[in-house]
Amino acid sequence: MGSSTPKIHESWAGLLRSEFEADYFAQLRSFLVDEKSKHEVYPPGSLIFAAFDHTPVAAVKTVIIGQDPYHGQGQAHGLCFSVNDGVRHPPSLQNIFKELRDDLGIPVPRSGNLGRWADSGVLLLNATLTVRAHEAGSHQGQGWERFTDTAIARLSQQREQVAFLLWGSFAQQKEPLIATDRGHLILKAPHPSPFSAHKGFFGCRHFSKVNAFLHGSGNAPIDWRLE
């Protein structure tokens, strides 16, 4: 992330312009420059804003909120819970695919790349958009959360009838950011990690519930198939 405006869809660049120009974001940028001079940082700079680039403001039908990018080599590419083609599915993603199969009968895909979801209207947003290699949570508290909280709040104010999927306690803390007068759907479940998926993520049927909601509000459903 140099001094120029990062690669981000123009609709989001406009919605978040005040954040890019804020003092805290300048400090965040300086932090990242320093980090990259000393450590490997994921995802690659060109993909930090991939969630916003794949899914313009007007195209968002559903929001899934994650916490941090994956910190293993070659995993993170800017979409929460998603990994690059050819990368082994992390445990939480395995459980997401199991629930998808049980809910909608969609076979578990070979690739864990969720880019097709993003291109069909699913904003796959991590609260923190970068991480130091092999150090989970290492870029928390540097300003990203303020940036992504603002993105969630402004999206919810600008759009109507968007489904927000809040998986786990961290994502559920974002609920107050979501405007209550815009007809949004808020679905909550435990996190899909192996530690909690059996406590109610399995069987939550969020994928079919989102499509029923979209159909009921006159919008095309999400095509949850990845291949």
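1. Gln 75 is buried, with a relative accessible area of 18%. The cut-off for buried is under 20% relative accessible area, so the 18% of Gln 75 falls on the buried side of it. The model under review is predicted, and the values in these points are computed from it. Gln 75 sits in the loop that runs between β2 (62-66) and α5 (91-104).

2. What surrounds Gln 75? Leaving out residues up to four places away in sequence, Gln 75 touches Tyr 70, Ser 82, Val 83, Asn 84, Val 87 and Pro 90. A polar atom of the Gln 75 side chain also lies 2.8 Å from the backbone nitrogen of Gly 72.

3. Phe 81 belongs to the loop between β2 and α5 as well. Its relative accessible area is 10%, so Phe 81 counts as buried. The backbone of Phe 81 deserves a check by eye: phi is near 65°, a positive value in a residue other than glycine. For background, most residues other than glycine have a negative phi.

4. Arg 205 is placed in the loop between β6 and α9. Is Arg 205 buried or partly exposed? With a relative accessible area of 39%, Arg 205 is partly exposed.

5. Helix α9 covers residues 206-216, and its buried residues are His 206, Phe 207, Ser 208, Val 210, Asn 211, Phe 213 and Leu 214. Which elements cover them? The cover includes β2, α5, α6 (115-119), β5 (163-167) and β6 (185-189). After α9 comes Gly 218, with a positive phi near 80°.

6. Thr 130 is found in the loop between β3 (122-126) and β4 (131-132). Its relative accessibility is 0%, and therefore Thr 130 counts as buried. Two polar contacts of the Thr 130 side chain can be listed. One is with the side chain of His 139, at 2.7 Å. Another is with the side chain of Trp 144, at 2.8 Å.

7. The contacts of Thr 130 reach residues from several parts of the sequence. With neighbours within four places in sequence set aside, Thr 130 is in contact with Leu 32, Val 41, Tyr 42, Pro 43, Ile 48, Asp 68, Pro 69, His 139 and Trp 144.

8. Two of the residues touching Thr 130, Tyr 42 and Pro 43, are joined by a peptide bond that is cis, with omega near -10°. Most peptide bonds are trans. Pro 43 lies in the loop between β1 (41-42) and α4 (50-54).

9. Val 108 is in the loop between α5 and α6. It is partly exposed, with a relative accessible area of 37%. Apart from residues up to four places away in sequence, Val 108 touches His 89, Phe 97, Arg 101 and Glu 227. The C-alpha atoms of Val 108 and Phe 49 are separated by 27 Å, and these residues are 59 apart along the chain.

10. The chain as a whole comes next. How many helices and strands does the chain have? There are nine helices and six strands. The C-alpha atoms fill a box of roughly 45 × 40 × 30 Å along the principal axes. The radius of gyration is 17 Å, which agrees with the value near 17 Å for a compact globule of 227 residues.

11. Of the 227 residues, 54% are buried. Among contacts between residues at least 6 apart in sequence, 68% join residues at least 24 apart.

12. The last point concerns surface and charge. The accessible surface of the chain is about 10,200 Å², and 48% of this belongs to carbon and sulfur atoms. The chain has 22 positive and 22 negative side chains. The centres of these two sets lie 4 Å apart.

Note on methods: Residues are numbered from 1 along each chain as its sequence is written. This is a predicted model: local features need pLDDT of at least 70, side-chain atom pairs count only at pLDDT 80 or more; totals for chains, interfaces and linings use all residues. Side-chain values use heavy atoms; hydrogens and water are left out. Helices (H or I, at least four residues) and strands (E, at least two) are DSSP runs, numbered from the N terminus. Buried means under 20% relative accessible area, exposed over 50%, partly exposed in between (1.4 Å probe, protein chains only). Contact means heavy atoms within 4.5 Å. A polar contact is a pair of N or O atoms within 3.5 Å; within protein, one must be able to donate a hydrogen and the other to accept it, and residues adjacent in sequence count only if both atoms are side-chain atoms. The radius of gyration is taken over C-alpha atoms; the globule rule is 2.2 Å times the number of residues to the power 0.38. Accessible areas come from the Shrake-Rupley method with a 1.4 Å probe; for residues, only the protein chains shown count as cover. Lys and Arg count as positive and Asp and Glu as negative; His and the chain ends are not counted. The place of a charge is taken as NZ of Lys, CZ of Arg, CG of Asp or CD of Glu.
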